[in-house]
Structure formats: structure tokens, C-alpha cells
Amino acid sequence: MANENPAIPDEQPLTPFHDLDHYLSIPRVGGLALSPDGSRLVTTVSTLNGKGTEFATALWELDPTGQKHARRITRSAKGEAGAAFAANGDVYFTSARPDPDSPDDEPVSALWLLPADGGEARVVLSRPGGISKVLTAKAADATFVAAEVLAGSTSEEDDADRRKVRKDSKVSAILHSEYPVRYWDADLGPGQPRLFAVEPGGDTAGGKPATVDAAAPLALRNLTPDAGPRLREADTVVSPDGRTIYTSYTKPLAKADSRSVLVAVDVASGSMKVLLDREGMSYFPGPVSPDGRTLAVFSERDSTPRQAPAIRLHLLDVSGDAGAGDGLLPLAHDWDRWPRPAAWLPDGSGLLVTADDDGASPVFRISVPAAAAEVGVTRLTQDAAAYSDVVVSPEGRYAYALRSSYEFPAEAVRIDLATGEATRLPGPVERPACPGRLERIAATAPDGSRVPAYLALPDGATPASPAPLLLWIHGGPLGSWNAWTWRWNPWLMTAKGYAVLLPDPALSTGYGQANIQRGWGEWGKAPFTDLMAVTDVAVERPDIDETRTAAMGGSFGGYMANWVAGNTDRFKAVVTHASLWALDQFGPTTDASQYWLKEMTEEMAMENSPHLHVENIATPMLVIHGDKDYRVPIGEGLRLWYELLSKSRLPADQDGQTPHRFLYFPDENHWILQPQHAKVWYRVVEWFLAKNVLGQEVELPPELGR
């Protein structure tokens with residue numbers, strides 16, 4: 001009998017990358033939390049459900065010593081996420097799974113607690129609007145949540161009543177008075193985020209007899225009732241003693257502009273104090289020092305059409321001895337990287353940060369105080385990997401983090417802070433075997449700059465059998481090819497015999513501020529010539545077939561794919577996903593026009609707009625776009641598609657036929673997230689490349705009805 005479960009293929013492929021169902025079935029690790037005593041690590045693992053239609057998440061416990069196997073500690077169809085340890089070792093998390101004590105209630109994302117000494121998890125707090133995030137204090141019995149309330153609600157009861165009326169009346173309308181109105185893939189409003197303290201709410205079981213494990217109900221105290229929409233996308237941290245919350249806070253400006261200021265919320269009184277507010281700068285909180293006296297802060301300078309943004313690290317005295325804005329000290333400002341603060345060392349002598357650096361994202365230690373000198377920065381991890389979710393053991397001997405690279409997906413590691421050696425911990429997932437090998441290459445740009453890249457080669461690539469080449473262009477554009485990606489995974493293409501080139505051109509992070517500045521406001525110049533230079537180096541190799549090449553990219557990478565199509569005919573095919581096409585149209589319609597309009601003047605946008613070169617396009621293009629994409633609205637894809645068919649050198653003929661194709665997803669956004677849609681994405685890309693690059697015919701997904 002044929003296998004009816006699409007998530008379990010009939011045959012075992014050579015590697016998971018040789019079969020999309022196997023690829024989608026690889027479990028995915030994300031997030032890391034450490035118990036206060038350092039004895040337990042918790043991570044989240046996403047796995048594909050039996051139907052292959054969605055991912056479900058669960059919490060897993062890891063052994064920090066590396067002696068015990070990983071074990072799953074939660075299980076439900078709805079999944080669990082957002083683990084946070086309380087000071088006593090209990091684990092809080094959020095989940096929309098049904099509450100066994102209230103089986104008739106409609107499930108919402110509620111606050112659950114898993115006791116430190118074992119036992120079943122239980123709901124400790126639920127509300128109709130759900131809970132989005134849990135925050136805890138490291139050294140105090142203090143728990144906080146972020147959750148949305150409807151504008152105008154005066155209490156939790158009033159908010160529940162308003163939500164019921166809205167639901168029963170089937171009203172989805174939102175009345176806006178401020179900008180923005182949507183973000184990436186979400187319609188903003190009518191809910192607005194608030195920060196709540198979680199506190200005792202009454203007697204256990206209402207004074208009635210109960211079992212010994214019965215706990216007193218909890219209640220929420222709104223700490224930010226007047227925040228309006230100011231806490232959307234906020235970065236928030238809690239002081240070790242649980243007395244203060246530090247958070248970024250959106251400040252509206254004239255002409256629909258905004259920036260982030262840094263505020264402190266006093267938990268006892270709910271009063272708010274602005275700590276940092278400076279024109280042209282946005283501030284975000286990092287971790288609080290173990291003694292609670294110093295806050296790590298990172299700032300982002302506003303960009304202008306002529307000047308790229310800059311990210312810097314600071315220390316802020318929050319002991320109470322300094323006034324607002326006083327006591328802000330620069331930290332390693334001479335270091336030419338963009339650091340993100342991760343964790344303090346327990347003795348307060350240093351700060352661990354991550355930063356993109358030459359195709360990696362290592363962990364660095366910055367000595368405190370380090371004034372503005374680079375001498376205080378030490379690279380700890382030496383491998384070509386990307387680290388995230390860094391936490392430090394209470395005695396300060398080890399750090400724990402998630403590590404990935406193009407050779408393996410995210411896995412938990414222990415880092416010896418004395419040597420920088422990273423040891424992989426026994427985890428929930430084994431490393432998948434990759435079909436090929438990874439190399440590092442580089443080119444010299446016309447201006448003399450180095451243009452580095454990764455090159456993923458299939459096993460069979462030799463001078464006697466050279467591989468076709470795919471140029472993959474990363475998004476951002478402020479980013480780098482340095483970490484494992486599920487959405488643009490090169491090994492799926494090496495399994496098909498392609499070599500995949502992953503360059504970091506001008507505007508890429510990890511190579512210094514000058515590398516960003518050299519492409520700023522001139523997307524069609526240095527970034528384009530960099531990409532062509534490194535492609536030239538790649539095709540000079542005897543194991544690469546320069547006659548069979550294609551270019552692909554998404555978001556900014558899609559913009560650049562469009563630019564490539566209109567400015568060179570060297571490629572046999574171009575795949576452009578969620579791409580910017582007409583910059584005059586894109587600027588006012590993206591979800592963050594206030595940022596975009598700082599980046600380019602109208603004249604610069606037109607000078608760099610791919611749509612003005614449509615008459616030059618003689619390369620077959622596969623256009624991919626999701627209708628729910630708010631960052632690059634669907635109008636970009638629709639206009640690109642029409643203009644390819646009406647104005648390019650490969651227009652639709654008198655029978656309506658064209659070599660161009662448009663893969664449209666009505667219910668996807670900037671990313672193709674649904675597993676079966678991701679499968680369709682890869683299969684259509686494979687079909688298009690096989691047809692135009694290899695001259696071969698492969699089957700299209702039958703789900704497309706073609």
C-alpha cells in the first residue's frame with residue numbers, strides 16, 4: 001500500500017536534502033534558557049506534524065555538563081514556547097493548549113508553570129487576549145508578562161468584555177490614529193502591548209477544601225496602562241532584583257516618523273522614567289549587571305541618504321546616583337563591528353556580546369570598564385559559526401549558546417570562557433549529513449575591496465564534470481551569509497548537482513562600517529559590481545560550469561536579482577522572491593516608510609530602481625511573492641509581473657505565452673512559512689532552473705494543478 005502520510009516518505013534518501021519531505025522533517029532547535037543554579041538548560045524544538053502541514057513546538061531539557069541525554073519535558077498538539085526560569089527553578093512558558101481544569105474554555109496563549117521538582121505543567125494565568133512573552137527576575141520572586149489590551153480598556157474585565165463584543169459581532173475593523181498600521185506580516189491593532197506584573201490574586205481554591213498542590217490564583221497588574229502603541233516590538237529586560245523593568249519605547253515624531261527611547265519602569269509604583277532620549281538616536285536595553293547598578297545599552301544612529309546607520313554599545317549607570325542620560329559611557333567604540341550584548345559575567349568584570357565578523361558571528365568578551373578602546377575586546381569562539389541565545393553559568397566558568405553554520409543547523413554548545421573552546425551538548429537532534437562541501441573564496445572589487453563568499457559544492461563537482469552555479473544574494477541588505485537558514489538552504493540545491501555561491505557584497509555586516517557605507521544609497525553600484533566580481537572568480541574554477549549559471553535572491557536579494565536581470569544577460573535564469581521593483585512605489589507603501597524615506601532621496605530611489613531597466617531584461621525570470629507581505633507589498637510583485645510581460649525583451653506573445661513565471665501565495669507573507677508551501681517553493685524553483693539552466697524537464701508539484 002502506498003504511504004498516505006506525506007511527512008514520512010516511502011524511501012530513505014541519500015541525505016535529508018535529497019528529499020523535501022525528509023528535509024522538512026528535520027527538527028529545528030531555537031531559544032535557550034538556563035536555570036539560576038546552572039543545573040538545567042531548556043530549549044525549544046519544532047517538529048513537523050503527522051500531516052506535514054505545520055510545525056509544533058515543545059520544550060526539551062539539556063544537561064549543561066554534557067553527561068545526560070536530552071529529554072522532552074512538554075508535549076501537546078498546540079505546542080509550547082518562550083521558556084523562562086523563575087528564581088526558584090520553576091519553568092514558565094506560554095501555550096495555547098487546552099487547560100485540563102477548564103476544558104470548555106476556548107484555548108488562548110496562556111501562562112503555564114512546570115514545577116522545578118517535577119510533575120505536570122499547569123495553567124497559572126489565562127486571559128482572553130492571550131500572553132505573548134514571559135519575563136522573570138534572576139534573583140527575586142518576580143514574574144512579568146507582555147500581553148495586548150484593546151485600546152480604551154480600563155481593566156482586565158473591561159478588556160475581556162470588549163473582546164467578546166468584537167468577536168460576537170464579527171468586527172475586524174481597526175481605526176488608526178498613528179503610523180505604522182502594519183508590520184512584516186501583522187496588522188497592528190486593535191490590541192496594544194502592555195507590561196504586567198504577575199501577582200497573587202486571592203485565596204487558594206476560594207477557601208474551599210483542595211489538594212495540597214492547589215495554588216492561589218494569580219492576577220495581573222498593568223504597569224504601563226498609558227503606553228498606547230509605544231511598546232510594539234520593544235526590547236525589554238528585568239533587573240536581577242525584579243524592582244525595575246528597562247524597555248525601549250517608541251517616541252512618535254512629526255511627519256509620521258519615530259525613534260526608540262529608553263525608559264525604566266518602577267515595578268512597585270508603575271511610574272515610568274525616560275533614561276535616554278536623543279535626537280537622531282534610538283536606544284535599546286541589553287542585560288543588567290549582576291549587582292543591578294549598570295545597564296548595557298546599544299544604540300542605533302538614524303540613517304540619512306548619505307550616511308549609513310551605526311550600532312554602538314554603552315554602559316548606563318542605573319544605580320540612582322546619576323540623572324537621566326548621565327553616566328552613559330561608551331564601550332569599545334573603536335571596535336569596527338556591530339555588537340549585540342548577550343550576558344554579563346557573574347563578577348561584573350565583562351560583557352559577552354555577539355557580532356557579525358567575516359562570515360561568522362562569534363562570541364566576544366568585552367572587559368568592563370573598557371572606555372572606548374578596542375583593546376578590551378577578545379574573541380572567544382574561533383570557529384566559523386554563528387552564535388546566539390548566550391547565557392552564562394552562575395560561577396562564570398562556562399557560557400551556553402546555540403551555534404550554527406552552513407555545515408549544520410542550530411545546536412546547543414558549552415563554551416569554556418577561559419579557552420573559548422565550544423563543546424557540543426547532547427541535544428534533541430542529530431546533525432544531518434550535507435551533500436557536498438563548503439569552501440571560502442574571495443574576489444577583489446573594482447575599488448580594491450575584498451568581496452568574500454561561501455561556496456557550497458556538490459560531491460560530484462570536478463574539472464571533468466563541472467557543476468552549474470547558482471548565485472544567491474542575501475537580504476537585509478544589512479546582513480551576512482553566516483548562519484544556517486531553513487528558507488534558503490544551499491544543500492537542497494547541491495543535492496541536485498548545483499554549486500551555490502553565497503557572497504557578502506557591499507552593505508554586508510561583519511566587515512566594518514566602511515563596507516556598509518560604500519554601498520549606502522547606491523544599491524545598483526558597489527553591491528552589483530561586487531556580486532559580479534565574485535561570480536567571475538567562481539566561474540574561473542575548473543569545477544564550475546560558467547555556461548550554466550543563475551541568480552537568485554529574496555527581499556533586498558530579490559531587488560538585486562531584479563537589478564541583475566536588467567543590467568546583465570550573463571545568467572540563464574533569475575529567481576526573485578519578495579522583491580523590490582519600483583522604488584518610487586515601494587517607499588510609501590512598505591510597512592516602515594519612515595525608515596525607507598531616510599535611506600534614499602526620491603532622486604536616489606529612481607536612480608537605483610530596477611523597473612527603469614525592464615526593457616533590457618532578456619533573461620527568463622521566476623517571480624515569487626506572498627499577498628500578506630507587508631514589508632515588500634504585493635504591488636511590487638504584481639507590477640513586476642505585468643511589466644515583464646508587457647515591456648521586457650521576453651514579453652507575452654500573441655498567444656499569451658512567455659518564459660517568465662509568477663509563483664503567487666495568497667496566504668503567505670515575506671517568508672513562505674507553511675511546510676507544504678515551502679515544498680512547493682523549492683520544487684517550482686527546481687523546475688524553473690532545470691528548464692532554463694540545465695535544459696531539462698522535471699515535474700511541477702501536482703498540487704499546482706498543472
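Modeller: Let's start with a polar pair: a polar atom of the S593 side chain lies 2.6 Å from the backbone oxygen of G587. Keep in mind that this is a predicted model.
Biologist: Nice. Where does S593 lie?
Modeller: S593 lies in helix α8, which covers residues 593–599.
Biologist: And is S593 buried or exposed?
Modeller: S593 has a relative accessible area of 8%, and under 20% counts as buried, so S593 is buried.
Biologist: What is S593 in contact with, leaving aside neighbours within four places in sequence?
Modeller: With that exclusion, the contacts of S593 are Y179, G587 and P588.
Biologist: Changing topic: at what angle do α5 and α6 pack?
Modeller: The angle is about 75°, and the axes of α5 (residues 526–539) and α6 (residues 556–567) are 11 Å apart. Angles of 65 to 115 degrees count as roughly perpendicular, so that is how α5 and α6 sit relative to each other.
Biologist: Which residues make the contact?
Modeller: From α5 there are P527, F528, L531 and M532, and from α6 there are F556, M560, W563, V564 and N567. By type, that contact has 8 nonpolar residues, 1 polar and no charged.
Biologist: Which residues have the most contacts inside the largest nonpolar core?
Modeller: L501 and M560 do, in a core of 70 residues. Not counting residues up to four places away in sequence, M560 touches I473, W523, P527, F528 and L531.

Key. Residues numbered from 1 in each chain as written. Predicted model: local features only at pLDDT ≥ 70, side-chain atom pairs only at ≥ 80, totals over all residues. Heavy atoms only, no water. Helix = DSSP H or I, 4+ residues; strand = E, 2+ residues; numbered from the N terminus. Buried < 20%, exposed > 50% of the residue type's maximum accessible area, 1.4 Å probe, protein only. Polar contact = N/O pair within 3.5 Å; in protein donor to acceptor, adjacent residues only side chain to side chain. Contact = heavy atoms within 4.5 Å. Axes fitted to C-alpha atoms, helices over the stretch in contact; angles between N-to-C directions. Parallel < 35°, antiparallel > 145°, perpendicular 65-115°, else oblique. Nonpolar A, V, L, I, M, F, W, Y, C, P; charged D, E, K, R; others polar. Core = buried A, V, L, I, M, F, W, Y, C linked by side-chain atoms within 4.5 Å.
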